[in-house]
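Work through the exercises below with the coordinates open. Each task is followed by a stepwise solution.

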Amino acid sequence: MNRGGPGLLGSVARTAVVAGTASAVSGRVQRRQQARFAEDDAERMADAQAQGGRQQAAGGRSAEPPVDDVISRLERLAELKNQGILTSAEFEAQKAKLLAD
């Protein structure tokens, strides 16, 4: 007796397609969110490094920045001066501040 509906096999097939599609969309959304979170983490790390990444040490003293960080920041200042973004006076002031830390 066929009542014109998809029947049991058709209903099971449709359910499987819907479940598979939902699973694929969910996986894609999850991968996109993970990529976005990774980008956000990378930006936070870059911001922390740009600000010197200084944290208070246990004794109340600030930790000294690594030598490589100081060199890279000096190079960046030199690039900004060469591009005309910083004046010589601004460059010297920032360099003195950086070397004093």
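**Exercise 1.** In this predicted model, locate Glu92 and Lys95 and state how their side chains are related.

Solution. 
- Step 1. Helix 3 (residues 88-100) holds both Glu92 and Lys95, which sit 3 residues apart, about one turn of the helix.
- Step 2. The closest N and O atoms of the two side chains are 3.7 Å apart. A salt bridge requires a side-chain nitrogen of Lys or Arg within 4 Å of a carboxyl oxygen of Asp or Glu, so the pair qualifies.
- Step 3. Glu92 has 42% relative accessibility and is therefore partly exposed. Lys95, at 27%, is also partly exposed.

**Exercise 2.** How many salt bridges does the structure hold, and which residue pairs with Glu79?

Solution. 
- Step 1. The count for the structure is 2 salt bridges.
- Step 2. Glu79 pairs with Arg76, at an N to O distance of 3.4 Å.
- Step 3. Both residues belong to helix 2 (residues 67-82), with a spacing of 3 residues, about one turn of the helix.
- Step 4. The relative accessible area is 40% for Glu79, which makes Glu79 partly exposed. For Arg76 the value is 43%, again partly exposed.

**Exercise 3.** Which residues form the positive surface patch, and is Arg28 buried, partly exposed or exposed?

Solution. 
- Step 1. The patch consists of Arg28, Arg31, Arg32 and Arg36.
- Step 2. Arg28 lies in helix 1 (residues 7-50).
- Step 3. The relative accessibility of Arg28 is 47%, so Arg28 counts as partly exposed.

Notes:
Residues are numbered from 1 along each chain as its sequence is written. This is a predicted model: local features need pLDDT of at least 70, side-chain atom pairs count only at pLDDT 80 or more; totals for chains, interfaces and linings use all residues. Side-chain values use heavy atoms; hydrogens and water are left out. Patches are made of residues with over 30% relative accessible area and no salt bridge: like charges are joined within 9 Å, nonpolar side chains (Val, Leu, Ile, Met, Phe, Trp, Tyr) within 5 Å. Accessible areas come from the Shrake-Rupley method with a 1.4 Å probe; for residues, only the protein chains shown count as cover. Lys and Arg count as positive and Asp and Glu as negative; His and the chain ends are not counted. The place of a charge is taken as NZ of Lys, CZ of Arg, CG of Asp or CD of Glu. Helices (H or I, at least four residues) and strands (E, at least two) are DSSP runs, numbered from the N terminus. Buried means under 20% relative accessible area, exposed over 50%, partly exposed in between (1.4 Å probe, protein chains only).
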